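Subject: Handover of a structure

Dear colleague,

Please find the structure below, followed by an account of what was found in it. I would be grateful if you could read the two side by side.

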Amino acid sequence: MARSDDGGWEHVHPATVLFELAKAAQQIVIGFVVVSGGGWLSSLEALVVLVPLGGAVARWYTTRYRVDDEAVRFEYGLLWRKRQVIARPKIQNVTSTANVVARALDLVEIQISEASGDGDIGIRYVKRPQGE
């Protein structure tokens, strides 16, 4: 799925898949409670795990960003592709945050804001040196 304009694009860190799975843990647990019949893992129970895992991997694979001289560009989405662009002169605030697990992995989450507040870009989990 390579494109001619792929130059300079970066993916978020692969650990993002684990963070996405942790976010989906509640749905996974509820799914197990609903479909659990005891005994070995049934195909329905396997789907309860594989669907969120597949979704997390797809979100990681389709999420990319690029910072160049003109703008910060962020794209994501498998079925419905969403693109966000903030021109460099319009950037008003850049913040980075990291929870305990992210700090242990040397990752940060970047929030880029523009004056209007409409086009904020949140890039989840990049290596700290890239985030700075």
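How much space lies in the largest pocket? The answer is about 290 Å³. Here a pocket is an open set of points, on a 1 Å grid over the protein atoms alone, where a 1.4 Å probe fits, with protein on both sides within 12 Å along at least five of seven lines; lining residues have an atom within 4 Å of a point. Grid points are joined across faces, edges and corners, and the volume is the space filled by probe spheres set on them.

This is a predicted model, in which local features need pLDDT of at least 70 and side-chain atom pairs count only at pLDDT 80 or more, while totals for chains, interfaces and linings use all residues. Residues are numbered from 1 along each chain as its sequence is written, and side-chain values use heavy atoms, with hydrogens and water left out.

The largest pocket is lined by 16 residues, of which Glu 20, Arg 59, Thr 63, Phe 74 and Tyr 76 are the closest to its centre. At least two lining residues come from each of helix H1 (16-23), helix H3 (43-62), strand E3 (71-76) and strand E7 (121-127). H3 gives the most, with five residues. By type, the lining divides into six nonpolar, six polar and four charged residues (nonpolar: Ala, Val, Leu, Ile, Met, Phe, Trp, Tyr, Cys and Pro; charged: Asp, Glu, Lys and Arg; polar: the others, Gly among them).

The protein has five helices and seven strands in total (DSSP runs numbered from the N terminus: helices are H or I with at least four residues, strands E with at least two). Along the sequence, the pattern reads β-α-α-α-β-β-β-β-α-β-β-α. Of the 132 residues, 30% are buried (buried means under 20% relative accessible area, exposed over 50%, partly exposed in between, with a 1.4 Å probe and protein chains only).

Two backbone angles deserve a note. Asp 106, although not a glycine, has a positive phi of about 60°; this residue lies in the loop between helix H4 (100-104) and strand E6 (107-114) and is partly exposed, at 31% relative accessibility. Tyr 125 is likewise not a glycine and has a positive phi of about 65°. Tyr 125 belongs to strand E7 and is buried, with a relative accessible area of 5%.

With kind regards
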